[in-house]
Amino acid sequence: MAVSLLSSSPSLFVPASPKVGRRNSSIRSPSGLVFHLRKSIPIVNAAGGNASSSLESDLSTELDAVSSFSEIVPDTVVFDDFERFPPTAATVSSSFLLGLCSLPDTKFKSGIETALADSECYEKESPSERMSCFFNKALVHVGADLGKLVPGRVSTEVDARLAYDTQGIIRRVHELLKLYNEVEVSSQRLLFKIPSTWQGIEASRLLESEGIQTHLTFVYSFSQAAAAAQAGASVIQIFVGRIRDWARNHSGDPEIEAACKNGEDPGLALVKKTYNYIHKYGHKSKLIAAAVRNKQDIFSLLGIDYIIAPLKILQSLKESVTYPEEKYSYIRRLSPGSAKMYDFTEEELIKWDQMSFACAMGPAAEELLSAGLEGYVNQTRRLEELFAKIWPPPNV
C-alpha cells in the first residue's frame, strides 16, 4: 500500500522491525489475480515544511516530481504488475478473498484452505459462528502470507456488519490480533480497517489507546475527519472522487455547497481542511487521499501524506518527461507551515461527541457511508456463502 517517507516521523506502513509469520510458503505474484492490493513505488525525500518547493534537477518524469512531495500509492485490483509497481504493503479484505476463491491456483489460496480445515472452527456448533471463524482465519492466514511478500504493513478489514457496534469492533480486532500473534505477525506490522461511523471512531480511540493501530475508512465529511483525528486514528482515508461524484448529481449538503460557493472542488476541499486541521492542532493521524480521478487531482494534493492513484494515472505520470526549466515547478499545496495559517470556525473546533457528530453529518456523507458499508457487507455475505458451499475441503 505504501512505502516509507524519508522524514523524521516513522512511516505509517513500514515498521522499524517487522516480524513475519512462521507459515512456510514461497510467495510469488500470480498473474491475473483480482483483489484490492495497494502497491507502491520507490520515492524520494518529501519537501520540507515550506509552502512550495521546486523540482530538483535530477527528476525526469512527472511521477518522480509528484513523488518528491507525497507518497504515491498505486491502487489496483490486478495482482500481476510487480515489476512496474512493486508492492510494499497490502490490504486483505472480503473482496480480496472472493477474488482468490475465483482463481484455479494461487499460492495465497492455501491460506483459505488452511482456514477451512481449522479444527477450532470445525468444532463450532453454530453455522454462523463457524463461518465467522473461517472468515477471521482466512483473513489472517492470507494476511500473514501477504506480510511475507511485502516489507510494510498489512491492513485487515474489520467486518462491516459491526460498523455500529463499538464493543463488537474491539472484540473482533482483538480476535484478529490474537490470530496474527499465533502465526507470529507482529502488531507493528498491522493496521485494522474500520468504517468511520461514530461507533467505529470510538472503537479506534479505544484501540489506539492500547497501542493497536487503526485505519479509518469511508470518510466523507469534516465531522468524520476531525473526530477521527481527535480519536488518534493512525490513518484517515478520504475519497476525493466519490464526494465530487455525489456533488455533481445531488444538492442540499451544506458542506459541499460551501466548498462549491468558494470555487473549490468539494473532495479536494475536504482533504485540504482535514490536512490543515491535523497539522495545525498536532494530531498524529496520517492522511490518505483516495479515489483520485486525474493527474490534476494529484497536483492539487501535493504535500499530503499519501495519494492512492489508479495505475492508468500513474502510467501517464511515468511516461510524461519533465525538465527543470519547464513551467511546471510542482508546487507543494499542503504543508505543516501553511496549515498554521488556516482558519477554522468555532463550530469546527469543538470536541466532537456522538450528538454533534450526527448533527454535522450531511446527506452526502450519510449516503456515501451507507453505500460503502452495504458494499462491504454484501461482499462478506457472498464470501461466507461460498465458504459454506466449499466446506469442508478435501481431507477434512
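Q: What covers the buried residues of α6?
A: The cover includes β3 (90–92), α5, β4 (154–157), β5 (190–195) and α7 (198–209). Helices (H or I, at least four residues) and strands (E, at least two) are DSSP runs, numbered from the N terminus. This is a predicted model, so local features need pLDDT of at least 70 and side-chain atom pairs pLDDT 80 or more, while totals for chains, interfaces and linings use all residues. Residues are numbered from 1 along each chain as its sequence is written, and side-chain values use heavy atoms, leaving out hydrogens and water.

Q: Which residues of α6 are buried?
A: T166, G168, I169, I170, R172, V173, L176, L177, L179 and Y180. Buried means under 20% relative accessible area, exposed over 50%, and partly exposed in between (1.4 Å probe, protein chains only).

Q: How do you know that the length of α6 agrees with what a helix should span?
A: α6 runs over residues 166–182, so 17 residues, which should span 24 Å. The expected span is 1.5 Å times one less than the number of residues. The end C-alpha atoms of α6 are 25 Å apart, which agrees. Helix α16 (residues 363–390) passes the check too: its 28 residues reach 41 Å, close to the expected 40 Å.

Q: Which residues of α16 are buried?
A: A364, A365, L368, L369, G372, L373, Y376, V377, T380, L383, E384 and F387. An α-helix has 3.6 residues a turn, so residues three or four places apart point the same way.

Q: What makes D165 a cap for α6?
A: A side-chain oxygen of D165 lies 3.4 Å from the backbone nitrogen of Q167, at the N-terminal end of α6.

Q: What follows α6?
A: E184, which has a positive phi near 60°. Most residues other than glycine have a negative phi. E184 is found in the loop between α6 and β5, and its relative accessible area of 34% makes it partly exposed.

Q: Where is F218, and is it buried or exposed?
A: F218 is in strand β6 (residues 214–219), and at 2% relative accessibility it counts as buried. Phi of F218 is near 60°, again a positive value in a residue other than glycine.

Q: Why does C101 count as buried?
A: Its relative accessibility is 16%. C260, with 43%, counts as partly exposed.

Q: How do α3 and α5 cross?
A: The axes of helix α3 (residues 109–116) and α5 come within 8 Å and cross at roughly 145°. Those axes are lines fitted to C-alpha atoms over the stretch in contact, with angles from 0 to 180 degrees between N-to-C directions.

Q: What makes D297 buried?
A: A relative accessible area of 3%. D297 lies in helix α12 (residues 295–300). Leaving aside neighbours within four places in sequence, D297 is in contact (heavy atoms within 4.5 Å) with R244, L268 and V292.

Q: What does H279 touch?
A: P336 and A339, not counting residues up to four places away in sequence. H279 lies in helix α11 (residues 266–280) and, at 27% relative accessibility, counts as partly exposed. H279 and K340 are 61 residues apart in sequence and 7.5 Å apart in space, C-alpha to C-alpha.

How values were computed: Polar contact = N/O pair within 3.5 Å; in protein donor to acceptor, adjacent residues only side chain to side chain.
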